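Colleague: Thanks for making time for this. Could we go through the model together, one question at a time?

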Amino acid sequence: MGSGTGNDFNSQVLTTETWASRATLAHARALLGKVLVRTRAGRESARVITEVEAYIGGSDLACHASRGRTRRTEVMYGPPGHWYVYLVYGMHEMLNLVTGPEGWPSAILIRGVAGASGPGRVTRSLVVGRALNGKPAVRASGLHIEDRGIRVPERLVTRTPRIGINYAGPVWASKPWRFMVDSAALGGAAANS
DNA sequence: GGGAGGATGGAT
DNA sequence: TCCATCCTCCCA
């Protein structure tokens with residue numbers, strides 16, 4: 001696959017996968033500073049997203065979809081803008097937002113929000129579970145994302161390899177597909193916006 | 001039907 | 001460094 005080698009801009013022919021990969025990474029970056037809004041029993045809790053990771057397509061060996069289309073990964077093959085929630089290590093719910101295009105499995109894991117660092121803590125603090133799996137990210141589902149005007153300047157964004165995926169091998173484990181913004185610095189940025 | 005291993009987090 | 005805890009997927 002053309003996008004597997006790294007520098008897409010040197011490619012003469014840009015494949016559908018290349019475009020989709022770029023779109024997912026741009027989307028991941030754009031999620032920093034957006035607000036995750038949980039509505040439950042008439043109450044709303046909102047948290048600014050501070051850390052995400054991208055899992056991009058069937059060729060990404062760290063992506064669950066790399067092992068084929070199964071019952072669990074089915075939602076990743078569906079239309080974008082839906083939640084992919086699964087249980088890991090028998091105790092932690094992982095919250096992902098499916099990105100597009102349909103039929104091309106990719107998702108963004110929400111690893112941190114203001115006040116909760118770590119994907120397991122994100123879901124625990126917002127009471128998010130597998131009941132949301134496959135649901136669209138709209139208010140009626142009880143969980144959606146809002147842009148409340150928080151600006152995240154590039155200098156506050158850190159990119160690193162993804163966490164806990166060494167089993168995927170060095171090529172995929174080294175992709176800088178984790179995006180973070182310092183929570184405290186973000187507070188200042190939000191105040192200035 | 002059985003078994004291995006996992007996109008973590010907290011304790012030791 | 002260890003391990004709780006259970007779902008998913010592969011293999012037989």
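Colleague: Leaving aside its neighbours within four places in sequence, which residues is Ile110 in contact with?

Modeller: Happy to start there, and please keep in mind that this is a predicted model. Ile110 is listed among the residues with the most contacts inside the largest nonpolar core. Its partners, once neighbours within four places in sequence are set aside, are Leu31, Leu36, Ile49, Glu51, Val52, Leu95, Pro119 and Val122.

Colleague: How many residues does that largest nonpolar core have?

Modeller: In soluble globular proteins, nonpolar side chains tend to be buried together. In this model, Leu36, Val52, Leu95 and Ile110 have the most contacts inside the largest core, and the core as a whole has 52 residues.

Colleague: And which strand gives the largest share of this core?

Modeller: The core has Val52 among its residues with the most contacts. The strand in question covers residues 43–56 and supplies six residues, the largest share, and its name is β2.

Colleague: Let me step back to the whole chain. In what order do the elements of chain A run from the N terminus on?

Modeller: Chain A has five helices and nine strands. Starting at the N terminus, the order is α-β-β-α-β-β-β-β-α-β-β-α-β-α.

Colleague: What share of the contacts with a separation of 6 or more comes from residues 24 or more positions apart?

Modeller: For background, 49% of the 193 residues of chain A count as buried. Among contacts with a separation of 6 or more, the part that joins residues 24 or more positions apart is 60%.

Colleague: Where is Tyr89, and is it buried or exposed?

Modeller: Tyr89 has its place in the loop between β3 (83–88) and β4. Its phi is near 55°, a positive value in a residue other than glycine. With a relative accessible area of 68%, which is over the 50% cut-off, Tyr89 is exposed.

Colleague: What is the phi of Val127?

Modeller: Val127 is in the loop between α3 (119–126) and β7 (143–146). At 40% relative accessibility, it counts as partly exposed. Its phi is positive, in a residue other than glycine, and near 55°.

Colleague: One last thing: what distance separates the C-alpha atoms of Val171 and Tyr89?

Modeller: Val171 is in helix α4, residues 170–173, and counts as partly exposed at 48% relative accessibility. Val171 and Tyr89 are 82 residues apart along the chain, and their C-alpha atoms are separated by 24 Å.

Methods
Residues numbered from 1 in each chain as written. Chains lettered and ligands numbered in written order. Predicted model: local features only at pLDDT ≥ 70, side-chain atom pairs only at ≥ 80, totals over all residues. Heavy atoms only, no water. Helix = DSSP H or I, 4+ residues; strand = E, 2+ residues; numbered from the N terminus. Buried < 20%, exposed > 50% of the residue type's maximum accessible area, 1.4 Å probe, protein only. Contact = heavy atoms within 4.5 Å. Core = buried A, V, L, I, M, F, W, Y, C linked by side-chain atoms within 4.5 Å.
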